[in-house]
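Let's take a walk through this model, starting with a sheet and ending at an annotated site.

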Amino acid sequence: MTHEYLDLQTVAHVEGTVRLPGSKSISNRILLLSALSQGQVAIVDLLASDDTAVMLAALRSLGVQWTEEQTATGTIHHVTGVAGVLPNKSADLFMGNAGTAIRPLTAALAVIGGDYTLHGVPRMHERPIGDLVDALNAAGTNVEYTGNPGFPPLHIKQGKITTQRLSVRGDVSSQFLTALLMVAPLMAKDHAITIDVIGELISKPYIEITLNLIRRFGVQVAQDGWASFTIQPGQVYQSPGTIHVEGDASSASYFLAAGAIGGGPVRVEGVGNNSIQGDVRFAAALAQMGAQITMGDNWIEASANGPLKAIDADFNHIPDAAMTIAIAALYADGPSTLRNIASWRVKETDRIAAMATELRKVGAIVEEGADYIKVTPPAALSPATIDTYDDHRMAMCFSLVSLDGAARKGALTRINDPKCVNKTFPEYFTAFAKIAK
Ligand SMILES: O=C(O)C1=C[C@@H](OP(=O)(O)O)[C@@H](O)[C@H](O)C1
Ligand SMILES: C=C(OP(=O)(O)O)C(=O)O
């Protein structure tokens, strides 16, 4: 934890256009799929942040070659696929706090086999990975815990897939199923592989991103609802040639909420009707709160339409962007309840507890349960020093507390450790300052 902070003055009005950084979820999936594929892949607009840096560094340690080219219109990463055969049979990999890096890489390295260790920041060692390791080891891989059972760090040794059917729990994180789906073609050499989901599957739209990108790399997955997925044998990942990374829809949520709270219009460019990210449905939640939303193929715009209306809804499908709704709730006309968000507790921090603590600092009355949060806005927001818990989304969310809304005035806000936004959006506060008038 650093002692740096950022003071945000109250903001009377927001307006402008923001070009979004690349999607974290799409970037890290494309990087791994490119590495596993045959041929060269040119990736346009890859996100540059801590989460993608750990994936790029890991691929380099594994012997996967990639280069970065600066062009007049942006950055292109060229990755040379290794067709599932990693040049380096042993490596020690630092995964930071990137769930989208450690979970799929664990599955890939376990199935390919070798001598690999994966570890991260202290919080990463508290984030569950047991359901994925159980699914892999039951299928014949050899993954061991070197710290607490069920959590990184991990030591991966040579194993051998001995089954045609795997099962994985889907109720703690969808990233475990994503990880298995991504490596399924490596297991489906001589026979089909079926992955069964045990229990409820959470965060389903992220599985749609996974399936969409797997298809773009030439592999077909047959789906029986959300209960099971089958990959026929003999399919190998093929380079799509050039592939473009959409803007990050979760990052869009802060600017759209700003427009809905603080006047607007605020337009984000890089995601829209054509997006494959579930978090674009954040715009629908804002519209339900009374914001005015317009959308094109590659942009979304939000503006205020009077005070926001309170909301009571299930946010399981957009767990990340839902944090931004908890902040919009401060500007609503009554108590709002966000339901079915238990996964918040196992992310960058315990986000239900962190959100409750920091919302109370600005004067809200907050009730929290195992899987919900209820936010009753105060008559006026209080100035506060916000702790961010090394959670990029806490920092980005609470920047919005500085905004004047139709219902109440924003307050002077101190954001502690603002650099934690580097996980997914290093330029966040610069972009925020540009729309704050
Ligand atoms: O697959 C992905 O890209 C992600 C899935 C979600 O996690 P859970 O499935 O753990 O909810 C989300 O919160 C995370 O930021 C990114
Ligand atoms: C939960 C998140 O990250 P991760 O990909 O590390 O799970 C997030 O970005 O909000």
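Two strands count as paired if DSSP finds at least two bridges between them, and strands (E, at least two residues) and helices (H or I, at least four) are DSSP runs numbered from the N terminus. This is a predicted model, where local features need pLDDT of at least 70, side-chain atom pairs count only at pLDDT 80 or more, and totals for chains, interfaces and linings use all residues. Residues are numbered from 1 along each chain as its sequence is written, and side-chain values use heavy atoms, with hydrogens and water left out.

Now find Thr117, which stands opposite His155 in β9. Strands β7 (residues 115-119) and β9 (residues 154-157) run antiparallel and are joined by three bridges. Helix α3 (residues 99-112) packs on the sheet, touching β6, β7, β8 and β9, where contact means heavy atoms within 4.5 Å. Helix α4 (residues 130-138) packs there too, touching β8 and β9.

On to the site. The unreviewed UniProt entry lists a "binding site" that includes Lys24, Asp320 and Lys347; positions follow the numbering used here, feature names are shortened, and annotations may be inferred rather than shown by experiment.

Is Lys24 buried or exposed? Lys24 is buried, with a relative accessible area of 9%; buried means under 20%, exposed over 50%, partly exposed in between (1.4 Å probe, protein chains only). Lys24 sits in helix α1 (residues 24-36). Lys347 counts as buried as well, at 14%, and lies in the loop between β19 (336-339) and α10 (351-361). Beyond neighbours within four places in sequence, Lys347 touches Arg123, Arg127, Pro319 and Asp320, while the contacts of Lys24 include Asp320 too.

Technical notes. Chains lettered and ligands numbered in written order. Axes fitted to C-alpha atoms, helices over the stretch in contact; angles between N-to-C directions.
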